[in-house]
Amino acid sequence: MADQGLLGFLLVLLTAAVTIVPLTIRLGLGSVIGYLLAGLILGPYGFGWVKDPEQILHTAEFGVVLLLFLIGLELNPQRLWNLRHSIFIMGTLQVALTSLFAMGALSLVTGWSGKSAGIVGMGMAMSSTAIAMQILSERGIRGHSVGQKAFSVLLFQDLAVIPILLILSFLGPTSENTPVVPLWSQILWPTVAIGSLVLFARFLSRPLFRYVASSRIPELLTALSLFIVVGISYLMNIVGLSMALGTFLAGVVLADSEYRHELEANILPFKGLLLGLFFLAVGMSINTQLIISQPLTMAMLVVGMIVLKLLVVYGLGIIFKLQRSESFLMGIMLSQGGEFAFVLYSQAGRDHILDPTQNALASGAITLSMLTTPLLLLIYDRFRSAHTLAKPAADTIESEGHQVIIAGFGRMGQVVARLLNAQKIGSTVIDHSPSHIDYVRKFGQKAYYGDATQMAILEAAGIAHARLLVITIDDPESVNRLVDEIKHHYPKLPMVVRARDRTHAYELLDRGVLNLERETFSSALGMGLEALKSLGYAAYYAQRLVQKFRRYDLELLEQNYKIHKDEKQIISRSREARAQVEKLFEQDSQNLHTRSKEGWL
């Protein structure tokens, strides 16, 4: 940078960001391309206003650290355990297959040594967590199967950085001056660091938050949030672990904390700014001179990497039972190179595994691949638009003072609204399906299009004055996030919540939701009642059996909730439950066998 000083430097960066990024968004290219183009213009290979992008990139990588911390906050150990197969099986296959195929192709085509081709291949297996997670958030698919599987692969890639860096330490040349670190030390200190992190998050973070919150100074809570993230990053850096991995683990451990939303709100602005700065720095580091001097080599590296990763991820998506369109979308989201590839190539350069030309080519390919993802998504959406209608913008909702807000207007929401309407109880309905909204509006029902999980939408609908919130959204993850938000912002507002199944019911009970209804339970009991009557059971007798079964199942749900995290006890209790139901049915049969077949309806 010239001699403009810090203020001039910041002014140039912000000017480029606020002028170019909105333009690329308006053109449908997304914000990432805007930041990358702005960085290219500012960098040493553009107008040269910034001379040393590496220094900025090193600082801006903290944005990725904050991103993983926020991702961790949205998870909890139970949800992470539920994703274990996608993380460790799908993630392992993606990294291993991409690395091996890329290594073989590089060795054959470029003639690079096995070491060099292997390290470049492992770097190419990494994807950009920042880009992929931003795409998942913008498209609202983080809770869907494709979003969960994409996140699982990204998480495994981040975990894989640690053993890959360890492999680098063995591949690199050693000298007499290189200190030898004992193996026990390489294992002990990271273990101590992670253990200390878990203990802090579990036992010390809450008292610390209560102490700072008692001061009633909001900026101190922001300072504490940053202190936690920076402190964990510093600790992980000292023991040689990935800062991103450490903050992610901290987020997972703090996911059940009552201060989770406070942490998220405080960290979110810094994450956005630093991620934008990160993409600016990546754009600054694009070596246009190298691209011009070796265009065929660079094109081969970029196209080969994107095609290889897209095919590998697409194939894994099909194997893991995603639809073809979902698999292709996931392949595009993970097709680019990732932030950690720069870390690997930088370390490999210092260890003389990659020569300067190889390092520049590999790093340039990673950077250019980041530019291609928004363009590929644009092409994907154009092809898909022929088969799917674009979603309209959310309706402007005007609160009408209704006592009830219904979030989700599918089959369950419609029945609830009809029942309330029959009792002259007004309700404000919000749903994300334009077809649902258009249909019910024909019959005079007030309904609005919008994402009912967004607090801004609910506040516009008058949730601050509502007496009841009915949640009938069919996606369990979205329901859980909405319940968490309501518990945080409106803890006294009563809720009636739709549960997908027994497991989802346990998750809602964990969140303090007592008024819940499993979506198929009551209808299944109704079908069972009609089945008994069709088989000749007296209506009174059949109704009694159904009511007894309902009471017993609800009691069983409450009992099993206390042990639902213990799989062995659940299995044992389920066997006992089946025996108990049979016993109850047998008792009813003995007590009621003399009753008339013409029971009441």
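Entry 1: I began with F328, which is partly exposed at a relative accessible area of 34%; in my notes, buried means under 20% relative accessible area, exposed over 50% and partly exposed in between, with a 1.4 Å probe and protein chains only. Before going on, I noted that the model is predicted, that local features need pLDDT of at least 70 and side-chain atom pairs pLDDT 80 or more, while totals for chains, interfaces and linings use all residues. I also noted that residues are numbered from 1 along each chain as its sequence is written, and that side-chain values use heavy atoms, with hydrogens and water left out.

I then searched the whole structure for aromatic pairs and got 4. Rings of Phe, Tyr and Trp (its six-membered ring) pair if their centres lie within 6.5 Å; planes under 30 degrees apart are stacked, over 60 edge-to-face, and the rest tilted.

I looked at F88 with F156, an edge-to-face pair with 6.4 Å centre to centre and 85 degrees between the planes. F88 sits in helix α6 and F156 in helix α9 (residues 145–171), so this pair ties together parts 68 residues apart in sequence. My helices (H or I, at least four residues) and strands (E, at least two) are DSSP runs, numbered from the N terminus. F156 is buried, its relative accessible area being 13%.

Back at F328, I found its tilted pair with Y380: 6.1 Å centre to centre and 35 degrees between the planes. This pair links distant parts of the chain, 52 residues apart, with F328 in helix α16 (residues 324–333) and Y380 in helix α18 (residues 356–385). Y380 is buried, with a relative accessible area of 11%. Ring pairs join Y314, F328 and Y380 into a cluster.

**Entry 2: α6 against α7.** I checked how helix α6 (residues 84–110) packs on helix α7 (residues 114–125): the angle is about 140 degrees and the axes are 7 Å apart. Axes here are lines fitted to C-alpha atoms, for helices over the stretch in contact, and angles run from 0 to 180 degrees between N-to-C directions. The two helices are therefore oblique to each other; under 35 degrees would be roughly parallel, over 145 roughly antiparallel, 65 to 115 roughly perpendicular, and the rest is oblique.

Which residues of α6 and α7 meet? On the α6 side I listed Q94, V95, T98, S99, A102, M103, L106 and S107, and on the α7 side G114, A117, G118, V120, G121, M122, M124 and A125. Contact means heavy atoms within 4.5 Å.

**Entry 3: L322.** I found L322 in the loop between α15 (295–319) and α16. Is L322 buried or exposed? L322 is buried, with a relative accessible area of 7%. Its C-alpha atom is 7.0 Å from that of V146, 176 residues apart along the chain. Not counting residues up to four places away in sequence, L322 touches S145, V146, K149, G317, S327 and M330.

**Entry 4: T428.** I placed T428 in strand β2 (residues 427–431), and T428 is buried at a relative accessible area of 3%. Leaving aside neighbours within four places in sequence, T428 is in contact with H402, V404, I405, I406, Y448 and A461.

**Entry 5: whole chain.** I logged 26 helices and 6 strands. Of the 601 residues in the chain, 47% are buried.
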